[in-house]
Amino acid sequence: MIADLAQVAPIWMPAAGFLLVLLMETVLPQKDSSTALSLTQLSLLGALLLAFGPVANGDTTVFAGMLALDRFTMCFQVLIAGIALLITVSCESYFKGWKLAATEAYALILAAVTGMMLVVAARDLMVLFLGIELLSIPLYVLTAYRRLQDTAVEGGFKYFLIGAFASSFLIYGIALVYGASGSTLYAQVARAAGTSSTLFTIGTAMMLIGLGFKIAAAPFHHWAPDVYQAAPTPVTGFMAAAVKTAAFGGLLRLAMEVLPATPALLKGLSVIAGLTMIMGNLGALLQTNWKRLLAYSSVAHAGYLLIGVIATIVSPESDAVSAVIFYLFTYAIMTVCAFTIMVFFLRENREGQDLSSLRGLSRTHPYLAFGLALCFLSMAGIPFTAGFFGKFYLLLMAWKADMVALSVLLILTSLLSLYYYLRVVVTLYMKAPSGSRSPTIQSRALSAVTLACGAAILVLGLYPAPLLEFLH
Amino acid sequence: MNELGMLTALIALPLVGGILLALLPGLRPEPARILTFALMLVTFLLSLALLAIPAGSSWNEGPFPWVPRFGISYLLGADGIAALLILLTTLLAPLVLLASYGHVHDRIRQHCVLLLLMEAGVIGVFCALDLVLFYVFFEMSLIPLYFLVGIYGGARRVYAAFKFVIFTMAGSLLMLLGILYLIHKTGSAAYPDLLRVSLSATEQFYLFWAFAAAFAVKVPLVPFHTWLPDAHVEAPTGGSVILAGVTLKMGTYGLLRFALPLFPAAAVDAVPWFLALSVIGILYGALLAWAQRDMKKLIAYSSISHMGFVVLGLFALTGTATSGAVLQMVNHGIATGALFLLVGMLYERAHRRGLDDFGGLAQTMPVFSVFLVLATLSSIGLPGLNGFVGEFLILLGTFRDHPVAAALASLGVLLGAIYMLGLLKAVLFGPVRNHRSAAYSDLTIREVSMLCPLVILMFWIGLFPGPLLRRIEPCVNQMLEAPQLELSRHREEASPVPRTATLRDGSQP
C-alpha cells in the first residue's frame, strides 16, 4: 500500500496542497495570497512532474487494480496539472483586481484537480464516481465565488442543481451496472458487457447521460452558457479546459475498456455527437456575450471529441485515443489562452462581457487582439494553428472507423462555426474602437502565460509531429 | 534536386520577412513599406531563375517528413505551369505594394505584413506537391486576403470579406474531407504517390466533386460566383489586383494539377457539366458586365466571363485548348491586374468610379488613356496582344470535340468587345460629364512604372507566345495523359454501335 502511495503522487499532491493551504489560512492568516499561490503552484508543479512516472516504470495498476498508471493516465494528468498551473496565474491577477480573497479559490482548485487526477486514472466505477464528485463540488463553490453578485449565486446554484442531477444519473447507472456484472472493476464489468443484458444496457445509458452532463453534450448542455457566464473568468477557463479534459479522460477509458461496440450504443452516441455539434454551433451563432459564445463553442468541441470516443469504441486499439488526447491538448491551450487574455480586461458586468466591448482592440491593444484572433482562428481549425491538426486527426480517425455521416457533419458544422469565430475577428480588427475602454491589468506573469499559449498554438500548427509521437 | 532550394527560398523570403516586419519594434510605417518593396523585388528577381527550368521537366524539393504520422511531407515542385504562375505572383506583388501608396495611409505596416504573408501563401499553393501542404497554403493565402478586404476595403467591406471567406471555406473544407479520405486510403498525401493509386469509380466520383467544389468556388464558376463581385468592389485596389490576378488562378490551377490527373475517370464524366457551366459563365458574366455602371463591378463580372474561358479550355481536354487555358490564366492576371490598377488610380483622383461620372478623359489624361486602351484591348483579345493568343487557342482546341460550346463561347468574345469598348467610350471619349475631371492630374511616374511591366508583357506574349507555350505544352500533356486515356477508352466503349453500322453500310452493295 505504501509503495502504491508513492506511485500515485500526482493524485495526492494536489490534495496535500489543498489541506496545507486551508490549514495555513486558519493557523497563520496572511495579508495577501502570495504564499498560498506559491504553495498551490508548487504542489501542481510537483504533480505535473511526478505524472511522468509511468513512462519510466512501465504500465501498472495499483490499489487492487482500481487505479491505472499508464501513458494514458500520464498524458491526462500532465495536461490537467498544466492547465491548473496556468489558470492559477490568471486567478492571482483576477482576484487581486476584484479585491477578493484568493486563498480559498486556490484551495478549491487544488481539490478539484485531485478529483480530476482520480477520474483519469480510475479503473473502477466507484473511483470514477468519487473523482467526479470531488471535481464537481469545489467548482460549484468557485462558480459562486463573487458571492455578493446575484448572478454569481444564481449560476452557482444552477450548476449545483444540474450537477447533483447528473451525479444521481451516474451513481444509479453504476448501481445497475454493478447489478448486471457483480463488480465495479472495469476489467470485470467488461466481461459482463458481452452478455448485453437489459440491466447492463440501461445502466451504461444512465452512466453516459451522467457523464454527458459533465462534458456538456447535447441535449444535456443547457447549463453551460449560464454557468460560464456567471463564473469568474479564470474559473470559466478552468471549467472549459480542465473539467472537459478530465470528463473526457474518464469517458475515453470507459470507451477503451468497458463500453461494448453494440449497434444500439454506437447509434445512441452518434446521435448525441451529431446533436452536440449542431446545437453547440447553432447556439453560438448569434451570441453577443463572449462567455456564452465560448460556452456554446465548448459544447461544439465536445461534439467533435465524441467522434473520437465513438471511433475508440469501434476499434479500441486504433489511434483514435491519441486523436482525442491530441485534440484535448490543442483545445486546452486555445481555451486557456482565450480566457487568460480576457482576464486582462477584468470586466464582468453585462457590457463588459459583450463582444462589442472588444471593438477595434487591434488599434488599442495589438498584441492582445492578435492573441485572441489566433485563439479563435485555431478554434475554427484554420491551418497554421493547433486546431487544424486537432480536427485533422479526428477526421482521419472518423474515416478509419467508416463514420461518413459524422465526418461530413463535422465539416459542415465547422463551416458554421467559422461564422461566429470570424465575427469576433471582425470585431477585433475591422470595427472602429468604441468610446473609452477601461485600462487593462499590467502583469508580467499573465503576459508570459498568454505568450506561451499563443506560441504553443502556432508551434503545434506548424510542427505537431513531436507531440503526436509523444501521445502515441 | 532533393534539397531545400529555390522554391523554399521563394516561400520563405516573404514569409519570414512578413513575420519579422510584424515583430520588429519601433519601425516607422514608411521605412517598413520601402523594406517590403525591396523584399518583394528581391523575391521577383530570384523567381526569374525559374525560367531556367527545362521544358517538360521540373524542380523538386523534398520530400522531407513533416507529420509522418499522417503521411504528410514537405514536398515542393515547380514545372513550367507552376513557374509561370509563380512569376506572375512575384511580379504583381511589388506592383500592388506600389499601388498602396495611393490609397493606404493608415495601418501601413500591417498592410505590408498581410501582403507578404499572402505572397508566400500563393507561391506555396503553386508549388506544393503534398496535398496537405497545398491545403495549408491554400488557406494561408485566404486569411491575409480576408484581412486586406475587411480592413482596407470600401463601405461594405466586412460583409464582402465575410462572404468571400465563407464561400471559399465551404469549398475547401469539402476538399479537406477528400484529402483525408485519400490519406486514410493510401497513407500518404504526396502527389506522386497519389498518382499511382487506383481508385474505384465511386471513390473517384466523390473525390473529384469534393476537389472540384473547392476549385469551382475559387475560379469562380457560375453558380458559385456571387462572392466575387462583392469582394472585388469592396476590396482596395491592391486586394482586387491580387484577387483577380493570382488567387482566382489557384482554382483553375488546382483543377488542372489535382482534379484532372488524380481522378481522370470522374473528370471525363464531368466534362459536359464543366463545359456547360463555363459557357454559361462566359455568357452570363459578359451580359452582367454589359449591364454594369460601376467600373470595378464591370471588370469583376468580366473576370467571371474570362475565367469561364479558362475552365472551358481545361475541360476540352485537348493539348491545344488546355495550353491556351494556362496561357490565358497568365493573360487574365496581366490584363485584369492592369485594369484594376487603372480604375484604382482614377478612383484615387475622383473618389468615384461610375461609368457615367467621367467622359472626355482622353483630353485631360492622355497617358492614363493610352494605358486604359491597351489594357482594354488586351482584355478583349485584340490580335497582337496577349489575350488573343490564349482565347484563340482555347477556341481552336475546343472546337474539334465540342463545336457548340466553342461557338457559344466565341459569342462571349463578341460581348466582351461590346462592354469593354463601352467602358472606353464612356470614360475616355464623348462629352465631359464631370467638370472637375479637367483638374485631375495625369499619371505620376510611380503609376507609369507600375503599368509599364504589364504593358510590355502584353505585347511580348502577344507577339512571341512561342517560348511560353513551349514551356506550357509538355506539362499540360503530362497532366492530360490520364484523362485523355480515359477519354479514348470512353470513345471505344461508345463507338461499337456506329462502327458496326458503317460496316453494315459498307457491306451493302
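Predicted model: local features only at pLDDT ≥ 70, side-chain atom pairs only at ≥ 80, totals over all residues.
Apart from residues up to four places away in sequence, Ser323(B) touches Leu469(B), Ile472(B), Glu473(B) and Val476(B). The C-alpha atom of Ser323(B) is separated by 27 Å from that of Leu298(B), a residue 25 places away along the chain.

## Other salt bridges

Over all chains, the structure holds 25 salt bridges. In general, side chains of opposite charge can pair when their charged atoms come close. One of these pairs is formed by Lys163(B) and Asp230(B), whose closest N and O atoms are 2.8 Å apart. Lys163(B) lies in helix H6 (residues 157-186) of chain B and Asp230(B) in helix H9 (residues 227-234) of chain B, so the pair ties together parts that are 67 residues apart in sequence. Lys163(B) is buried, at 17% relative accessibility, and Asp230(B) is buried as well, with a relative accessible area of 14%.

The pair of Asp193(B) and Arg196(B) forms a salt bridge at 3.0 Å, N to O, and here both residues lie in helix H7 (residues 191-196) of chain B, 3 residues apart, about one turn of the helix. Asp193(B) is partly exposed, at 31% relative accessibility, whereas Arg196(B) is exposed, at 64%. In chain A, a network of salt bridges links Asp70(A), Arg123(A), Arg253(A) and Glu257(A).

## The contact between chains A and B

The contact between the two chains takes 36 residues from chain A and 34 residues from chain B. The size of an interface is often given as the accessible area lost when the parts come together. Chain A and chain B bury about 3500 Å² between them, and 78% of this area is on carbon and sulfur atoms. On the chain A side, Phe392(A), Trp399(A) and Met430(A) supply 20% of the area that chain A buries against chain B, more than any other three residues.

Between chain A and chain B there are 3 salt bridges, and one pair joined in this way is Asp106(B) and Arg363(A), with the closest N and O atoms 2.8 Å apart. The count of residue pairs in polar contact between the chains is 7, taking pairs in which both residues are at pLDDT 80 or more. The elements that give two or more residues to the side of chain A that touches chain B are helix H16 (361-364), helix H18 (386-400), helix H19 (404-429), helix H20 (444-462) and helix H21 (465-471) of chain A. H19(A) gives the most to this side, with 12 residues.

## A nonpolar patch on the surface of chain B

On the surface, Leu287(B), Trp290(B), Val404(B), Leu408(B), Leu411(B), Leu414(B) and Ile418(B) form a nonpolar patch, and together these residues have about 660 Å² of accessible area. Helix H11 (264-291) and helix H17 (403-428) of chain B are the elements that give two or more residues to the nonpolar patch, and H17(B) gives the most, with 5 residues. Ile418(B), which has its place in helix H17 of chain B, is partly exposed, with a relative accessible area of 38%.

Thr247(B) is found in helix H10 (residues 237-262) of chain B, where Thr247(B) counts as buried at 2% relative accessibility. When its neighbours within four places in sequence are left aside, Thr247(B) is in contact with Val122(B), Leu145(B), Lys218(B) and Ile242(B).

How values were computed: Residues numbered from 1 in each chain as written. Chains lettered and ligands numbered in written order. Heavy atoms only, no water. Patch = residues over 30% accessible without salt bridge, like charges linked within 9 Å, V, L, I, M, F, W, Y side chains within 5 Å. Areas by Shrake-Rupley, 256 points an atom, 1.4 Å probe, with all protein chains shown as cover. Salt bridge = Lys/Arg side-chain N within 4 Å of Asp/Glu carboxyl O. Helix = DSSP H or I, 4+ residues; strand = E, 2+ residues; numbered from the N terminus. Buried < 20%, exposed > 50% of the residue type's maximum accessible area, 1.4 Å probe, protein only. Contact = heavy atoms within 4.5 Å. Buried area = accessible area lost by both parts, 1.4 Å probe. Polar contact = N/O pair within 3.5 Å; in protein donor to acceptor, adjacent residues only side chain to side chain.
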